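Work through the exercises below with the sequence and the model side by side. Each task is followed by a solution in steps.

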Amino acid sequence: MIRKIGMIGRTYRHANRYLEIIGVLSKHGFADIISRSRLESVIDFGRKIVFRNADPKILSLSRWERMRLVLEKLGPTFIKFGQVMSNRADLIPMELLVELEKLQDSVPPFSGDEATHIIEKELGKPLTEIFKTFSQIPIAAASIAQVHKATLIDGEDVVVKVQRPGLGRIIETDLEIMFNLAMMAEKHIPEMKFLNLVHLVEEFEKSIRKELNFSIEATNLDRFGTYFQKNANIYVPKYYQDFSTKKILTMEFIDGIKISDIEHFKKHELYPKVIARRGTDLFLEQIFEYGFFHADPHPGNILVLPDNIICFLDYGMMGTLTRRTLELIKSLMIGVVNRDSDVITRNVIKLCDSSGELNINRIELQTTELIDRYYYQSLQKIDVAALFNDFVIFFRENNLIIPSDLYLLGKALGILQGNGEKLDPDFNFSKHIEPYIKKLIKDRYHPFKIAKDIYFSVEEFGQLMRDLPYDVREIIGKIKGGKIKIDIEHKGLDHMLGTHERISNRVSFAIVLASMIIGSSLIVFSKIPPMWNDIPVIGLIGFLAAGILGFWLLISILRHRKM
């Protein structure tokens, strides 16, 4: 109950934002969603104000196009939400995915004076004591931050990433609203349940909180640099800890050529085939050697330096594969090699969450079909992007949710294959990944690995045996003391509870209304001053207020057709 009261308080605290969202949805032809999700009940008094006819030009667009326009209109948080969700083809329809991929950070830059103020506040020094030069005009601006070029006092060229002012407060407000909207939509619109809206918002919340903390990106840079410090084929930019905080990130300025600018390679004696090979090998090393990889390797985030050296930019979105995940991936690969659909099915279920009921027989049957589709093709002929797309469809059809890091891995591999094919028409991604797959399978059966697994299993079993008597004694003690709690989750009672709540509210409202009428009557008969035409003013006001509220209650009942 306390949590519910808190939600009500937050709802009305953000009333203006709700009104804005309802207005944007109605303008873009989503009055049906507003009505069916009962969104207007959040700000009931504002319903007539914000409802408007949809723009005819907008209505001529598809529903998914209009949804993209809604996100763009609602600003940075919603734009970022759409961009993050464009990475989850396993959770959202393909038509919407295509539209979300068009989302751009079309947010105007904030002023250089504001950037200066934020830097000086964060670092506690005047700008002139930090930088020899600082460009007031940003070289890039996005929904989270903008980037300024500068020179340190010692003469080193750097870029300074500055978070937008007041962004944390804006995002907190929008996240609360997003959760509320997602819950209302899933509760009242049955066909919305397949979108897993609450899960999408939860995933977005984790992602956006990481992006808001530039210290995490700095840590990623440090970790990445440590892994590749002895590799001459890659260059990792330095970051300057003394000039960085959670809202400021100062990094080395890198002057390179984007891997998509192939026409400039010859002029700088760069070789596309070498770049394709090196970039792919470096990325596969990130995955299979360290389990820590750049999750957004699109052309804008990869520069080529002299001597065909690769430099990755933007370390805000990184993927991590745990030891358990890597082990499950190895088991999957062994299952594929042995065409063992039972092993594959068990490991897929272990890897994934579920968004509904799982049909094991159906999963195993579709797994067998997938294996047969690709098993007899040579590894060199397999299209990684097509294979990943088939897996996405498979997961969605079987109510399976791919872990976000594993999904990022699949999408990154697809982007990587696309980059390689643009650089080298003869590029064969499978040829590069084959040695890593063989090594994974070989390592799985290595005597040292088997001995290590046995050791861990014995140690875990020993720990279980040691803890078991204490755990059993604790459970028995709680049973004796009556402290065992059982959580019961009701299903299908939401509508009935909502109806009872509305009835209670109207009864309470009617009692208050009757009290106002009786109180006003007593004041009139008692002739309590001040008077107007021999009628007590307070009593008259009470009657008028009771009349207005009575008509409002009657209209509300008629509007919802609940007489």
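**Exercise 1. Salt bridges**

Find which residues are linked with Arg-17 in a network of salt bridges, and then examine the pairs of Glu-217, Glu-172 and Asp-342.

Solution. Arg-17, Glu-20 and Asp-174 make up the network, where a salt bridge is a side-chain nitrogen of Lys or Arg within 4 Å of a carboxyl oxygen of Asp or Glu. The model is predicted, so local features need pLDDT of at least 70 and side-chain atom pairs count only at pLDDT 80 or more, while totals for chains, interfaces and linings use all residues. Residues are numbered from 1 along each chain as its sequence is written, and side-chain values use heavy atoms, with hydrogens and water left out.

Step 1. The structure holds 11 salt bridges. In one of them, the side chains of Glu-217 and Lys-161 meet at 2.9 Å, N to O. Glu-217 lies in helix H12 (residues 214-227) and Lys-161 in strand E4 (residues 157-163), so this pair ties together parts 56 residues apart in sequence. Helices (H or I, at least four residues) and strands (E, at least two) are DSSP runs, numbered from the N terminus. Glu-217 has a relative accessible area of 5% and is therefore buried; buried means under 20%, exposed over 50%, and partly exposed in between (1.4 Å probe, protein chains only).

Step 2. Glu-172 pairs with Arg-209, their closest N and O atoms being 2.5 Å apart. This pair links distant parts of the chain, with Glu-172 in helix H10 and Arg-209 in helix H11, 37 residues apart. Glu-172 counts as partly exposed because its relative accessibility is 32%, and Arg-209 is partly exposed at 37%.

Step 3. Asp-342 forms a salt bridge with Arg-346, with 3.4 Å between the closest N and O atoms. Both lie in helix H15 (residues 341-351), four residues apart, about one turn of the helix.

**Exercise 2. Two packed helices**

At what angle do helix H10 and helix H11 pack, and how far apart are their axes?

Solution. Step 1. Helix H10 (residues 167-188) and helix H11 (residues 197-212) pack at about 170°, with axes 9 Å apart. That makes H10 roughly antiparallel to H11. Axes are lines fitted to C-alpha atoms, for helices over the stretch in contact, and angles run from 0 to 180 degrees between N-to-C directions. Angles under 35 degrees count as roughly parallel, over 145 as roughly antiparallel, 65 to 115 as roughly perpendicular, and the rest as oblique.

Step 2. Residues of H10 that meet H11 include Leu-175, Met-178 and Phe-179, and those on the H11 side include Val-201, Phe-204 and Ile-208. Contact means heavy atoms within 4.5 Å.

**Exercise 3. Ala-115**

Is Ala-115 buried or exposed, and which residues is Ala-115 in contact with, leaving aside neighbours within four places in sequence?

Solution. Step 1. Ala-115 lies in helix H9 (residues 112-123) and counts as buried, because its relative accessibility is 0%.

Step 2. Beyond those neighbours, Ala-115 is in contact with Phe-110, His-148 and Val-162. Between the C-alpha atoms of Ala-115 and Arg-164 there are 8.1 Å in space, although the two residues are 49 apart in sequence.

**Exercise 4. Helix H6**

Which residues in helix H6 are buried, and what covers them?

Solution. Step 1. In H6 (residues 63-73), the buried residues are Arg-66, Arg-68, Val-70 and Leu-71.

Step 2. Their cover includes helix H2 (15-27), helix H5 (56-59), helix H7 (76-85) and helix H8 (94-100). Just after H6, Gly-75 takes a positive phi of about 100°.
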